[in-house]
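Reader: Please take me through one part of this model closely. I would like to look at the open sheet and what surrounds it. Keep it brisk.

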Amino acid sequence: MKLLLGIGGSDDSIRALERAVDRVAETGDDLTVAILRNPASEADPADIEEQARAVLDDAGVSAPVRHLEGDPGSELVELAEREGFDRIVLGGGETSPMGKIKLGGIAEFVLLNSHVSVTLVR
Amino acid sequence: MSGDKVFPDEPAGPFPAPPTTIEDREGRPITVRRYDEALDRDALEAMYAAFDPADRAQGIPPTGERRIADWLDSITGPETVNVVANHGDGVVGHATLVPDEPEGTAELAIFVLQEYQGAGIGTCLIETLLGAGREAGIERVWLTVERWNDPAISLYEKVGFVASDTESFEHEMAIRLA
């Protein structure tokens, strides 16, 4: 399966990265990591890339790392559809102090617009 | 999480401190009082075990004994404010304030067992919780609610909450206590 993992530096996106890479290490799926400009995160894209490469190396998984400029949700969906990905993988949201799940803005857009199946990592 | 939240300028209230007692619209005597871990924990777990999963919101209350217990540990811990609604020996409703940043801010949630909904218990629970929260030094309270849940939104508005973010999936509302 051809997976497109979108990460923008939020905590849930980093968790999604770790979980997806662990899974790919087992399944051998074809993974591409897309680094997004998440307006809700102050993480530097270069730092996110460094973090992603470290997680990939630790797991012995090789995957291209790409940078998507512009609106993160629409760029991710467009890339997935244009290049024939089977699935988009994203962080499944943050939890409030109460424990309520709150979807991120990128996940909201992708869920409502993608024609490609979407996995939210919890 | 609340660093970017907008709260009304004027405080709402005053709200009653617990305990409060009402006769609900079904004629049942209901007392809302402070949660007491030793006294109420079992009954509270029983309430959530019986809670209709269709009334869950954003993943809470969780389901299953273990998850319910973990969640209750976290929302009844230090600095939280909790009140329960009793009918006889049973807990039929629960409302909680969980601290958030910055200091003096809390997130609110309220749950009423299905057979007791629509009888005025929610209003009593939430007003009494806000009274207890004010006593505990909480000045700003926020919550989220499903945007289609009109009865809940009406209840929160009646108490004094105002919409603070209506752009995301969840409708966010806020109130100032002081």
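Author: From the N terminus on, the elements of chain B run β-β-α-α-β-β-β-α-β-α-β-β. That makes four helices and eight strands in chain B. Keep in mind that this is a predicted model.

Now the sheet itself. Eight strands of chain B form an open sheet. Their order is S1-S2-S3-S4-S5-S6-S8-S7, and the pairing is mixed. At the edges stand S1 (20-23) and S7 (162-165) of chain B, each of which pairs on one side only. From one strand to the next, the twist averages 25°.

S1(B) pairs with S2(B), residues 29-34, in the antiparallel sense. Four bridges hold this pairing. Within it, B:Ile22 stands opposite B:Ile30 of S2(B).

One helix packs on this sheet: H3 of chain B, residues 121-135. H3(B) touches S1, S2, S3 (81-87), S4 (90-100), S5 (105-112) and S6 (140-146) of chain B. The direction of H3(B) makes about 145° with that of S3(B).

S7(B) and S8(B), residues 170-176, run antiparallel and are joined by three bridges. B:Val162 has B:Ala174 in S8(B) as its bridge partner. A hairpin of four residues links S7(B) to S8(B).

Next, the overall dimensions of chain B. Along the principal axes, the C-alpha atoms of chain B fill a box of roughly 40 × 30 × 30 Å. The radius of gyration of chain B is 15 Å. A compact globule with 178 residues would have a value near 16 Å, so the two agree.

In chain B, 16 residues are in contact with nine residues of chain A. H2 (65-75), S4 and S5 of chain B each supply at least two residues of the side that touches chain A. S4(B) and S5(B) are also among the strands that H3(B) touches. By class, the side of chain B that touches chain A has eight nonpolar, five polar and three charged residues.

What of chain A itself? Chain A has four helices and seven strands. Along the sequence, the pattern of chain A is β-α-β-α-β-α-β-β-β-α-β. The radius of gyration of chain A is 13 Å, close to the 14 Å that the globule rule gives for 122 residues, so chain A is as compact as a globular protein of that length. Its C-alpha atoms fill a box of roughly 35 × 30 × 25 Å along the principal axes.

Two packed helices are described by the angle between their axes and the distance between the axes. H3(A), residues 72-82, and H4(A), residues 105-113, pack at an angle of about 40°. The axes of H3(A) and H4(A) lie 8 Å apart. Angles under 35 degrees would count as roughly parallel, and 65 to 115 as roughly perpendicular. H3(A) and H4(A) are therefore oblique to each other. Their crossing is right-handed.

Which residues meet there? From H3(A) come A:Pro72, A:Gly73, A:Ser74, A:Leu76 and A:Val77. They meet A:Ile106, A:Phe109, A:Val110 and A:Asn113 of H4(A). The residues of this contact divide into six nonpolar, three polar and no charged.

Definitions and conventions
Residues numbered from 1 in each chain as written. Chains lettered and ligands numbered in written order. Predicted model: local features only at pLDDT ≥ 70, side-chain atom pairs only at ≥ 80, totals over all residues. Pairing = 2+ DSSP bridges. Axes fitted to C-alpha atoms, helices over the stretch in contact; angles between N-to-C directions. Contact = placed C-beta atoms within 7 Å. Nonpolar A, V, L, I, M, F, W, Y, C, P; charged D, E, K, R; others polar. Parallel < 35°, antiparallel > 145°, perpendicular 65-115°, else oblique. Left-handed = near helix turned anticlockwise from the far one by under 90°. Rg over C-alpha atoms; globule rule 2.2 N^0.38 Å.
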